[in-house]
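I opened my notebook to get to know this structure. Come along as I look at how its pieces sit together.

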Amino acid sequence: MEITEFEKKRAANLIWNGAHDYTIDTGFRVYDFEGRAQLYWNSIVGAVHAHYDWEKLMRFYRTFEETIGEELYESIFWIALENCTYEWEKSERPVLPYLRRQYAEHEIAHHALGVSDDNSAVVRSVSILLGHLHHILGEPDNIPDPVDAGFLAAIELGAEQDTDGVIAALTKALEKYTIYRDPATHGGRKELLPKVSIFHLFHKNKKANPEIRLPVRRLSFGYGEHVDAYGSEALDPEHLAAAFAQFAAQSDTKLAEYITDYFGTSIYHPKETARLVKAYCYGNHRAVKLHFTRGDYTNEMLERGYAGKMHRLAIEQAKINEATYHRAEARHRLAVDRLAERLRNSILTHLDDEERKALTGRVAPERIWRAMYVNDGKVFDQTIPGDTGGITIDLLLDASGSQQHRTQIVAAQGYMIAEALTRVGIPCRVASFCSLSGYTVFNLFRDYSENDKNREIFRFFTTGANRDGLAVRIAAGWMRENHAEHRILIILSDCQPNDVVPVPAESGAKPYAAGVGVEDTAAEVHAARQNGIDVLCVFTGEDNNLPNVHRIYGRDFTRIRSLDMFADAVGRLIEERIRLI
Amino acid sequence: MLDFLKSQGVSDRIITEIEQFRSYYQLGEGLESRIPQPQYRYYGKEVWEEAASALLSGENLLLVGPKATGKNVLAQGLSNAFGRPEWDISFYINTDAGTLIGADTFEDGRVSLRKGPILQCAEAGGFGILDEINMAKNESLAVLHAALDFRRVIDVPGYEQFHLSDATRFIATMNYGYAGTREINEALASRFMIIQMPVVSKENLEQLIRDKFPDITKEYAGQFAQLFEDIRKMCESGEISTKALDLRGLLAAIGLMHNDLPVLQALDLGIVNKCFDDYERQLVEDMIHVRFPGDLQRSAIFAG
C-alpha cells in the first residue's frame with residue numbers, strides 16, 4: 001500500500017485539528033484500505049491527544065512490540081481508545097455520531113468481502129472490530145465466540161476513565177482474554193507463553209523485514225502509521241537507525257565536526273540550526289541534516305584529516321577562480337557593463353514612470369486652449385508610477401561534483417551577475433548548495449545588502465551530491481522573510497537531483513535520485529510558487545535530462561550549452577520577468 | 001451603538017465623553033449619509049476602551065492585526081459611535097499625494113483644486129479610514145505627516161493651507177507581513193496610537209453569528225465559530241494560506257443555509273472555493289467534514 005505525501009499531510013491536519021494543537025507530533029495516523037486519510041479515525045486520534053496523556057499511552061503501546069499477539073493487542077488498544085474518546089468528544093462535535101455511523105457502515109461493507117488471513121490474531125481482531133462496529137450501529141455484536149464478546153464488552157470503555165484508568169482497564173482485559181502480560185508486573189515478560197509456537201515463529205519471520213519495522217502497518221480497521229515526520233519522534237527507532245546506517249561509523253558529533261572542517265564554521269548557533277532542521281527537514285527530507293556556512297575557518301580546521309585537506313583545496317580553488325577571472329578581466333568587465341546596461345534599460349522601459357494626459361493632475365499650460373475651444377478637459381499631465389515595488393533575486397548554484405569541471409566558469413559568471421545586479425540596485429543573494437554524508441550544505445556568498453561581498457562568489461567549490469528539492473525548499477523559506485513585491489529565485493542546475501540519504505517510504509527507503517528526486521523537486525518548486533516566489537532555472541544538463549527540467553520547472557527555464565552564456569541567460573530571464581511585472 | 005458599548009461593559013465615563021463629543025461637534029449639512037451603519041459589531045471591551053480613549057484625546061489610531069481580526073469593523077463602529085462622517089481610503093502601491101490630498105482640475109475655464117478624500121475628510125471633521133496603510137510607499141505618505149501630528153494642517157502647493165477640523169481623526173489599518181506590504185517607518189508610526197488587534201475569540205465570534213442570525217441554534221453557532229477557529233489554526237501553522245480564513249465568506253455561507261442551501265454546498269461557496277489550490281481545498285474540506293454531517297438539515301441549524 002503506497003500512501004501519498006498528500007494523504008499523510010491530510011491525516012496530520014485532521015489530527016492537529018482534533019487535538020486543537022498544531023504543535024504536537026501526530027504520532028499515529030490512520031488510512032483506509034485505499035490509502036486515503038481516514039476522516040473519523042484521525043479526528044479521534046487528535047482527540048486522544050487532547051484528552052489523554054499520549055506519552056503514557058504510547059509507553060503502554062510499546063509493550064506490544066515483538067509479541068506474538070501484537071496485531072491483536074494493537075487493534076484492541078485502538079478500539080478501546082476510539083470508544084472512550086468518542087464518548088468524550090460527541091458532545092463537543094455533533095458531527096461525530098454521523099461520521100462514526102458512516103465509518104461503521106463502510107467498514108462492515110468492506111469486511112463483508114471476507115477476511116482471508118492465516119494469522120489467527122488478525123482474524124480474532126477483525127471479529128471483535130466487527131462486533132464493535134455493529135454496536136456502533138445499535139445492533140447486536142454477532143460475535144460467534146462468547147469469549148470474544150466478553151472481551152469486546154470489557155474494552156468498550158466510557159469517558160469516565162483517565163489515562164491511567166484506560167491503561168489499567170485495557171491491561172486487565174488483555175490479561176484476561178489473551179496471553180498478554182504487563183511487563184511491569186511480570187518481571188519484564190510481555191506474554192504468558194514463551195514464543196514456542198513454530199507456526200508463529202515461522203509466520204513472523206516470513207512476514208517481516210527483520211531489520212526494519214515499517215512505519216505503516218495493516219491493522220484491523222485500516223492502515224496505521226507511526227510517524228516521525230514533521231519533527232516528531234520515531235516510535236520505531238530501528239527504522240531511523242536503518243536510514244542512517246551508512247553514517248553509523250561516525251557519531252553525530254564527529255560527523256558535524258567533519259562537515260564543519262570540510263566547509264567552514266556554521267553561521268548559526270547549533271540551536272538555530274536544530275530549529276532550521278526541524279522547520280525544513282520533514283517529509284522526503286526527514287533524515288537530512290543542514291549546515292549553513294560562509295566558509296570561515298581556523299588553521300586547526302585545515303589540519304584535521306581529509307576534511308581539512310578538502311577545505312584547503314577549496315581555498316586553493318577560490319584563488320584559481322579569482323585568478324581565472326582576472327586573466328580575462330577586460331572582457332569580463334565589458335560583459336558586466338553590458339549586462340548592467342541591459343537590465344537598466346529594461347527597468348527604465350518597463351518600470352519607469354509614465355506621463356499621461358488626464359483630467360486632473362499637473363496643469364499643462366500649452367494645452368489649456370483645448371479646454372476652451374474644443375472642450376477637451378485633458379489639460380493636465382498625470383504621472384503613472386512604473387515602480388510596482390521592489391525586486392529581489394536569489395541565485396542558487398548547484399555545487400555538486402557534477403559541476404566540477406565548470407567551477408571557474410560558474411564562479412566568474414556568478415560574480416558577473418551579482419556585480420551587474422549591484423550596479424542597477426537590485427538586491428541579490430548568492431549561495432551554493434551540495435549534499436555530503438547526509439548533510440545538505442549551503443554556502444552563502446553574499447546577502448541582499450552585502451554589495452561589497454561579490455568577490456565571495458569566487459569561493460564557489462564543488463563536491464558531493466545535490467538534493468535539489470531541499471535546496472529549493474530552504475531558499476524559498478529564506479525568501480519568504482523578505483517583503484519585496486517580486487521575489488525571483490534562479491537556480492543553476494543540471495536537473496539531476498541525487499543524494500545518499502534515501503526518501504523514507506512504506507515499501508522501504510527509496511533512493512533520492514531519478515524520478516523520486518525530480519518529483520520531489522517539482523513539488524518544492526510548486527510550493528515556492530504558491531508562496532509567490534518566481535522560480536526559474538538555468539539548465540546546464542544534457543538532452544536526456546530535458547524531461548526532468550520540464551517536469552520540475554515547466555516552461556520557466558532557459559538552456560545554456562556553454563556556461564559562458566550563464567550571465568547572459570540570467571540577464572534575459574530577469575528582463576523577461578521585469579517585462580511581466 | 002452606545003447601548004451596545006454599555007452592554008459590552010465599556011466604562012460609563014468613556015460613554016459619557018463620547019456623548020459629549022457628539023453633541024459638541026455638530027454634523028455639517030448633507031453628511032449624515034456618510035455616517036456608517038455597521039453590519040457587524042466589534043466585540044471586545046478592552047479594544048473599544050483603548051480606541052475610544054485615544055480618539056477622545058485627539059489621537060489618530062493605527063489598528064494592526066492579521067486577517068479577520070475585525071479592523072475595519074471596529075473602524076466603522078468607531079465612526080458610528082462618535083457620529084462622524086467617514087471617508088474610506090484604500091491604499092495601494094501607487095497611492096500618491098494627488099490621490100490623497102487632491103489635484104488640479106479644469107472647471108469653468110479655470111484651473112482649480114479637486115479635493116481628495118483626505119482634504120474633504122479633514123475639512124468636514126470626519127473620520128478617515130486609511131485602509132491597509134502599509135501597502136503604500138512611505139514617501140508618498142509624507143504628505144500626511146503635518147495632518148497627522150500636532151500641526152493638524154495640510155499644505156497644498158499652489159493653494160492655501162487647510163486646517164483640520166477639531167473633530168477630524170484618522171484610523172489606519174494594516175496587516176503586518178501581508179504579501180507585498182512594507183515596513184511602516186518610524187515617522188509615520190509615531191503619529192498614531194497603535195492597537196494590536198487580538199484574534200476574535202470563539203465566544204465573540206459565536207456572538208457575532210448569533211447577532212446576524214438570531215434564529216441560529218446555540219449548538220451550531222458554536223460549531224461555525226469553531227470551524228473558523230480550526231481554519232485559523234491551520235493558517236497560523238502554515239498548512240494553508242489565509243484564503244479560506246474569510247469571516248465574511250463564513251457569514252455569507254450561513255446566510256445561504258438560511259435560504260435553504262445545503263450546508264456543505266453553502267460552505268463550498270463561502271469558504272472552500274476561495275482556495276484555488278486543490279490541495280488547500282481538500283484540507284479545508286476535511287475541516288468542514290469533521291464538523292458538519294453531510295445530511296445536516298436546515299431545521300437543525302435554525303430554530304425558526
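**The sheet**

I started with a sheet in chain A: three strands form an open sheet in the order 1-3-2, and the pairing is antiparallel. I kept in mind that this is a predicted model.

Next I asked which strands stand at the edges. Strand 1 (28-31) and strand 2 (216-219) of chain A do, each with a single partner strand, so one side of each is left without a neighbour in the sheet. I also looked up the twist, which averages 30° from one strand to the next.

Then I followed one pair. Strand 1 of chain A and strand 3 (residues 222-226) of chain A are joined in the antiparallel sense over four bridges. To find a landmark, I picked A:Tyr31, which stands opposite A:Tyr223 in strand 3 of chain A.

**A helix across the strands**

What lies across strand 1 and strand 3 of chain A? I found helix 2 (residues 39-51) of chain A there, running at about 165° to strand 1 of chain A.

Which residues make the contact? From helix 19 of chain A I listed A:Val518, A:Thr521, A:Ala522 and A:Val525. From helix 20 of chain A I listed A:Asn548, A:Arg551, A:Ile552 and A:Tyr553. The residues of this contact divide into five nonpolar, two polar and one charged.

Notes. Residues numbered from 1 in each chain as written. Chains lettered and ligands numbered in written order. Predicted model: local features only at pLDDT ≥ 70, side-chain atom pairs only at ≥ 80, totals over all residues. Contact = placed C-beta atoms within 7 Å. Helix = DSSP H or I, 4+ residues; strand = E, 2+ residues; numbered from the N terminus. Nonpolar A, V, L, I, M, F, W, Y, C, P; charged D, E, K, R; others polar. Pairing = 2+ DSSP bridges. Axes fitted to C-alpha atoms, helices over the stretch in contact; angles between N-to-C directions.
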